[in-house]
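Student: I have a model open and want to learn how to read it. Can we go feature by feature?

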Amino acid sequence: MTDQRNVTVAVTGAGGTRIARFVLEALVNDDRVGQVDLMVSASGRKVIAHETGCESVGEAVELVLGGAAKKVVTWQPEDLAGGPTSGSYPSWGMLVVPCALGVVGRIAAGTANTLIERAADVALKERRPLVLCVRETPFSLIHLRNMTQVTEAGATVYPMIPTFYNMPTSVDQIHEEFTARLLGFIGLPQSDYYAYAGTQTPAHRDRMGR
Amino acid sequence: MRAPRHRRIATGWAADVPRLIVGMTGASGAALGVRLLETLRALPEVETHLVLSRWARTTIELETPYTAREVTKLADVAYPPGDQAAAISSGSFLTDGMVVVPCSMKTVAGIRAGYAEGLIGRAADVVLKERRPLVLVPRETPLSEVHLENLLALARMGVAIVPPMPAFYHHPATVDDILDHLVARVLDQLNLPAPDARRWTGLADARSAAENSPTATAAPGPRASS
């Protein structure tokens, strides 16, 4: 299928790597996606290991997804000659989830020291979507300046903040809602999320038990 | 002899007890404001002054099991959102600072512009001019240039921007765990005690905590059915 898109995904060293798993699962299972180019930073590996109790070594796709997936091509972040380093490499755009604020700073500064930062640099120069799912609080002045700079350059800062109007009753529900909203934002609308439609939506009433 | 009625704190004079202004506005996340008020109520030495905006009342009824009236009762003093003559409208009324939780992007814009419409905007304006701590908990994602520039301008003035971003290093098992952690991080900004907060103290500690508690680590695997 020629109309399938290739999506680049990077996992970096911030909390919330389970959301990366949900996002990658959704992309792999989506017929509208032909290929996922996956990169996991060294810090990302450590955070995944901490959050899942797994070892930090091994195949990137195994770490993030807990298993293999044919659609996923993995790249080493230190391989600056890897495919995503060039604008000629086919890519619809890039998601960084979770995105450490150090990564935002390096993208803002254009210091393409790793393939992750270079791929983000390429997404910006090629005017492709670049979505940075930051996980940090509080935000310092430096964080806010860098986030403003990358937004001016065309990226979208998409903080991993939960919605509450959907009345989440578990941590995984928060993750599912975030994943569905994120995929909708990049043009892969999902059917099973909570679309806010005023105070009388059925999902709201069901969860409130009113 | 009368006891002194004022304390000296880093940002000037304060009332004889820690006195905190809490504003709740119409962003999603009313549960965060409610949890903060409940936590502050358990700190009897802290006096809370609450303002609910019109749309905060709506989100409270929408998103929490409480009525707006019940939330109002969690505070020591509550003011109507349009009461520009309230005590907290004046810098002469000593406070230890203000937190707006959840904070809508409209309120962020209003505070940034100095457009002190309504008591929440005016109280924040006063807190800024008196150089007292102001903490905003903006719940919005993604963030536009408008949002980011407003937040940046406020950060430049020393405002603490604390978006309600769950942390995962403490392995939250429930939505309540997430709310408690976020409230603790807000209290940190206000120098108020959060004794139950779970804090990161390095990977070695985290590993041993995980080993001692089989439930502390969320094992990989299929999603929990919702």
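Tutor: We will take the chain contact, then helices, then the backbone. Keep in mind that this is a predicted model.

Student: How many residues of chain A are in contact with chain B?

Tutor: Take two residues as touching when their C-beta atoms lie within 7 Å. On that basis, 43 residues of chain A are in contact with 45 residues of chain B. On chain A's side, the elements giving two or more residues are helix H2 (42–52), helix H6 (141–152), strand E6 (156–157) and helix H7 (171–185). H6(A) supplies the largest share, seven residues.

Student: What is the make-up of that side of chain A by class?

Tutor: It has 19 nonpolar, 16 polar and eight charged residues.

Student: How do I describe two packed helices?

Tutor: Give the angle between their axes and the distance between the axes. Here, H4 (residues 105–113) and H5 (residues 118–129) of chain B pack at about 45°, with axes 9 Å apart. H4(B) and H5(B) are therefore oblique to each other. The crossing of H4(B) past H5(B) is right-handed.

Student: Which residues make the contact?

Tutor: H4(B) gives Thr107(B), Gly110(B) and Ile111(B); H5(B) gives Ile120(B), Gly121(B) and Ala124(B). By class, that contact has three nonpolar, three polar and no charged residues.

Student: What should I look for in the backbone?

Tutor: Then look for departures. A cis bond joins Val101(B) and Pro102(B), with omega about -10°. Pro102(B) lies in strand E6 (residues 98–103) of chain B. Another cis bond joins Thr141(B) and Pro142(B), also with omega about -10°. Pro142(B) is in the loop between E7 and H6 of chain B.

Student: Where is Met167(A), and is it buried or exposed?

Tutor: Met167(A) is in the loop between E6 and H7 of chain A. Its phi is positive, near 55°. It has 20 C-beta neighbours inside 10 Å, so Met167(A) counts as buried.

Student: And what about Arg131(B)?

Tutor: Arg131(B) has phi near 60° and sits in the loop between H5 and E7 of chain B. With 13 C-beta neighbours inside 10 Å, Arg131(B) counts as partly exposed.

Conventions. Residues numbered from 1 in each chain as written. Chains lettered and ligands numbered in written order. Predicted model: local features only at pLDDT ≥ 70, side-chain atom pairs only at ≥ 80, totals over all residues. Helix = DSSP H or I, 4+ residues; strand = E, 2+ residues; numbered from the N terminus. Nonpolar A, V, L, I, M, F, W, Y, C, P; charged D, E, K, R; others polar. Axes fitted to C-alpha atoms, helices over the stretch in contact; angles between N-to-C directions. Parallel < 35°, antiparallel > 145°, perpendicular 65-115°, else oblique. Left-handed = near helix turned anticlockwise from the far one by under 90°. Buried ≥ 20, exposed ≤ 12 C-beta atoms within 10 Å, placed from the backbone.
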